[in-house]
Amino acid sequence: TYPSFTITNDDPNATHTGDVTGSAALTIASNAVTTAKILNDNVTHDKLENRYTAAVTISTLTGTYSLDWSAGAVFVMSGSLSGAINFQFGNMKIGQVIDIYNLTGAQTVTFSTASGTPVFNKAGAVDYAGASTNLIQVQCVSDAANAVFNYAVSAYVSDATPS
């Protein structure tokens with residue numbers, strides 16, 4: 001076992017071993033926690049950033065919507081589009097995938113970024129169908145100044161029997 005101790009302002013650079021307890025704040029240097037120091041299977045879903053775990057409701061149904069990829073992994077439309085919409089992407093990371101779902105309304109849907117000249121590659125032959133309920137999945141394959149995205153569109157219906 002390790003002895004209990006309290007960190008005080010009198011000894012701000014104390015060396016610690018074992019579990020650290022007490023009421024004083026402990027600062028861990030930003031480069032002190034490395035992958036090798038994190039045990040396998042010890043980072044839970046709840047400890048990940050919102051970009052991997054959160055759902056965001058979009059209530060903007062026309063115009064330009066600034067879609068912040070760091071805010072969530074799933075973006076759900078609050079209703080049917082009332083006019084053309086431009087999803088302006090920001091804060092994306094390479095390899096990140098987002099879902100935009102519950103997307104309906106016979107309107108034009110476009111993508112952009114706030115800067116640069118992004119490339120949007122449609123994967124598959126399905127187009128957005130405003131009379132249906134749609135899911136658009138977007139993958140960021142380059143988050144450089146001229147970002148690159150792949151996306152796929154799927155119309156869907158509620159159905160508990162996938163056969």
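Colleague: In what order do the strands of the open sheet lie, and what kind of pairing do they have?

Modeller: Please keep in mind that this is a predicted model. As a general idea, the strands of a sheet pair through backbone hydrogen bonds, in either a parallel or an antiparallel sense. Here, six strands form an open sheet in the order E1-E3-E5-E8-E9-E7, and the pairing is mixed.

Colleague: Which strands are the edge strands?

Modeller: They are strand E1 (55-58) and strand E7 (119-122), each of which pairs on one side only. From one strand to the next, the twist averages 25 degrees.

Colleague: Which strands run parallel, and which run antiparallel?

Modeller: Let us take some examples. E3 and E5 run parallel and are joined by three bridges; within this part of the sheet, Val74 stands opposite Asp99 in E5. E5 and strand E8 (residues 133-142), by contrast, run antiparallel, with six bridges between them. There, Tyr101 has Leu135 in E8 as its bridge partner. E7 and E9 pair in the parallel sense over four bridges, and Asn121 has Asn150 in E9 as its bridge partner.

Colleague: How many aromatic pairs are there, and how is such a pair described?

Modeller: A pair of aromatic rings is described by how far apart the centres are and by the angle of the planes. The count for this model comes to 10 aromatic pairs. In one of them, Trp69 and Phe149 lie 5.6 Å apart, centre to centre, with 50 degrees between the planes.

Colleague: Where in the chain do Trp69 and Phe149 lie, and are they buried or exposed?

Modeller: The pair links distant parts of the chain, 80 residues apart: Trp69 is in the loop between strand E2 (63-68) and strand E3 (74-77), while Phe149 is in strand E9. Trp69 counts as buried because its relative accessibility is 0%. Phe149 is buried as well, with a relative accessible area of 0%. Both residues belong to one aromatic cluster, whose members are Tyr65, Trp69, Phe87, Phe89, Phe111, Phe120, Phe149 and Tyr151.

Colleague: How many salt bridges does the structure hold, and which side chains meet in them?

Modeller: In general, side chains of opposite charge can pair when their charged atoms come close. The structure holds two salt bridges. One joins the side chains of Glu49 and Arg51 at 3.2 Å, N to O. The other joins Asp127 and Lys122 at 2.0 Å, N to O. Arg51 counts as buried because its relative accessibility is 7%, whereas Lys122 is partly exposed, with a relative accessible area of 36%.

Colleague: Where is Gln96 found, and with which residues is it in contact?

Modeller: Gln96 is found in the loop between strand E4 (85-90) and strand E5 (97-103). Leaving aside neighbours within four places in sequence, Gln96 is in contact with Arg51, Trp69, Gly72, Asn91, Val138, Gln139 and Cys140. Gln96 counts as buried because its relative accessibility is 3%.

Colleague: Finally, why does Val157 count as exposed?

Modeller: Val157 counts as exposed because its relative accessibility is 66%, and the cut-off is over 50%. This residue is found in the segment after strand E9 (148-156). The C-alpha atoms of Val157 and Ser132 are separated by 8.2 Å, although the two residues are 25 residues apart along the chain.

Notes: Residues numbered from 1 in each chain as written. Predicted model: local features only at pLDDT ≥ 70, side-chain atom pairs only at ≥ 80, totals over all residues. Heavy atoms only, no water. Helix = DSSP H or I, 4+ residues; strand = E, 2+ residues; numbered from the N terminus. Buried < 20%, exposed > 50% of the residue type's maximum accessible area, 1.4 Å probe, protein only. Pairing = 2+ DSSP bridges. Axes fitted to C-alpha atoms, helices over the stretch in contact; angles between N-to-C directions. Phe/Tyr/Trp six-rings, centres within 6.5 Å; stacked < 30°, edge-to-face > 60°. Salt bridge = Lys/Arg side-chain N within 4 Å of Asp/Glu carboxyl O. Contact = heavy atoms within 4.5 Å.
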